[in-house]
Amino acid sequence: MAGSDLNAFERILAALHEAALDPARWPGASALIDEALGTHGSTLACGDGEAEEDYRTYFMWICHRGQRRRDLERLWVETYISRDERLPRLRRQPFYRLFHIADLYTEEERRTSAAYDTLQTVGNAGNAIDVRLDGPGGTRILWEINDPLDGEGWSSAQRDSIRRLLPHIRQTVHVRQTLARADALGATLTEMLDATGLGIVQLDARGRIVAANDRARDLLRTGDGLFDSDGFLFARASPDNDDLQALLGRALPPFGTQGSGGSTIVRRPGALRPLVLQVSPVSRPEADFPGWRVAALVLIVDPAHEAAVDPAVAAAALDLTGMESRVAVLLAQGMSVRQIATATGRKESTIRSHVKHIFAKHGFSRQAELVRLVRSLAGAPWTCG
């Protein structure tokens with residue numbers, strides 16, 4: 001993948017981190033996705049229920065070229081959700097599989113359906129791609145990517161880019177819904193994330209630790225990878241600390257500059273698997289009052305407390321062969337190339353070849369990128385095939 005494509009992907013990931021914490025940022029993230037894919041826009045929605053009579057929509061964000069289309073959201077919710085012939089069929093489809101929207105209607109419906117006609121004439125979505133993702137708490141996510149700008153069919157490169165973004169779209173909604181539930185229950189963010197087993201550290205604008213939940217405090221106290229020095233967060237290994245401090249610098253830029261999020265790994269001694277860190281800036285309020293303190297969140301994933309990733313899930317979601325997916329999962333578990341070779345009975349050169357193929361398929365340049373993507377699939381109970 002060209003350097004410009006890699007930079008575009010990193011900008012999208014940073015925008016998705018921001019959108020997870022602040023829904024007002026979603027149109028900006030959607031615009032970056034449109035630019036990268038060459039599409040008219042997209043719809044992101046989340047809901048639950050099987051039958052029409054008990055289906056509930058929690059949110060629906062329709063954006064065209066970076067503009068939130070609340071008029072279309074109202075039109076769809078008030079008029080077409082109950083009349084759209086494809087939706088009951090889509091709810092029965094496997095997670096993570098891409099569907100051409102026209103294939104979800106019969107030939108007769110493509111001529112007579114009011115919903116499909118509106119998608120074509122108003123929504124720029126007559127040739128859209130629909131994909132379902134598993135949401136938090138048994139909910140389901142729908143991501144609809146509107147027609148290509150060039151009016152042509154979908155290229156394999158566009159479809160590959162969509163697949164590459166799916167775990168990150170899923171993670172955005174998972175974080176967003178966790179925050180929404182925290183507000184609804186009157187719980188703090190720290191209390192909500194304590195239940196997930198994640199460590200969370202809150203930082204102020206200078207990078208000083210404001211608060212940490214129990215899981216994060218335990219990790220900092222043991223110092224096996226991360227530690228607290230005079231109220232600031234550091235990684236034990238020098239290369240990991242360089243990456244961490246650079247990431248924190250991007251999330252906490254000088255006043256007046258918008259921060260960006262990202263992820264990295266922090267290695268630990270012995271046989272312990274690396275920690276995975278996700279850093280996300282917290283949007284400033286309109287007025288920067290002196291009482292406002294939290295400027296960034298650091299989410300810490302400890303593999304010892306993390307759901308396992310099924311290699312079959314990784315293979316289907318990331319378009320990998322059986323052996324490539326197995327290698328990817330073992331790398332995400334913190335194993336080295338040598339350890340994977342021993343565990344699988346292959347040569348180290350063979351394992352390196354598999355890693356090279358995985359990197360080429362997804363445009364990766366660093367193992368941390370692969371680890372981040374594989375770990376985002378943890379616990380995904382979706383159907384492959």
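Let's start at Asp130, which is found in strand β5, residues 129-134. Strands here are DSSP runs of E with at least two residues, helices are runs of H or I with at least four, and both are numbered from the N terminus. This is a predicted model, in which local features need pLDDT of at least 70 and side-chain atom pairs count only at pLDDT 80 or more, while totals for chains, interfaces and linings use all residues. Residues are numbered from 1 along each chain as its sequence is written, and side-chain values use heavy atoms, with hydrogens and water left out.

So, is Asp130 buried or exposed? Asp130 is buried, with a relative accessible area of 0%; buried means under 20%, exposed over 50%, and partly exposed in between, using a 1.4 Å probe and protein chains only. Its side chain makes a polar contact with the side chain of Arg86, at 2.6 Å. (A polar contact is a pair of N or O atoms within 3.5 Å; within protein, one must be able to donate a hydrogen and the other to accept it, and residues adjacent in sequence count only if both atoms are side-chain atoms.) Leaving aside neighbours within four places in sequence, Asp130 is also in contact with other residues, among them Leu90, Phe99, Trp143 and Glu144, where contact means heavy atoms within 4.5 Å.

Now step back to the sheet around β5. This open sheet has 6 strands in the order β3-β2-β1-β6-β5-β4, with antiparallel pairing; two strands pair if DSSP finds at least two bridges between them. β3 (67-68) and β4 (99-100) stand at the edges with a single partner strand each, so one side of each has no neighbour in the sheet. β5 pairs with strand β6 (residues 140-145) in the antiparallel sense over 6 bridges, and Leu133 stands opposite Ile141 in β6. Helix α3 (residues 70-80) lies across β2 (56-64) and β3, running at about 140° to β2. Angles run from 0 to 180 degrees between N-to-C directions, and axes are lines fitted to C-alpha atoms, for helices over the stretch in contact.

Two loop residues deserve a look. Arg65 is found in the loop between β2 and β3, and its phi is near 55°, a positive value in a residue other than glycine. Arg65 is partly exposed, with a relative accessible area of 44%. Asn124 lies in the loop between α6 (114-121) and β5; here phi is near 50°, again positive in a residue other than glycine. Asn124 is partly exposed too, at 27% relative accessible area.

Further along there's an open sheet of 5 strands, ordered β8-β7-β13-β12-β11 and paired antiparallel. β8 (209-212) and β11 (262-266) take the edges, each with a single partner strand, so one side of each is left without a neighbour in the sheet. Inside this sheet, strand β7 (residues 199-203) and strand β13 (residues 296-301) pair over 5 bridges in the antiparallel sense, with Leu299 in β13 as the bridge partner of Ile200. Helix α10 (residues 238-251) lies across β7, β11, β12 (275-281) and β13, at about 160° to β11. Helix α15 (residues 367-375) also packs on the sheet, touching β11 and β12, and its direction makes about 105° with that of β11.

Finally, a helix pair: α12 (residues 322-332) and α14 (residues 348-362) pack at an angle of about 95°, with their axes 9 Å apart.
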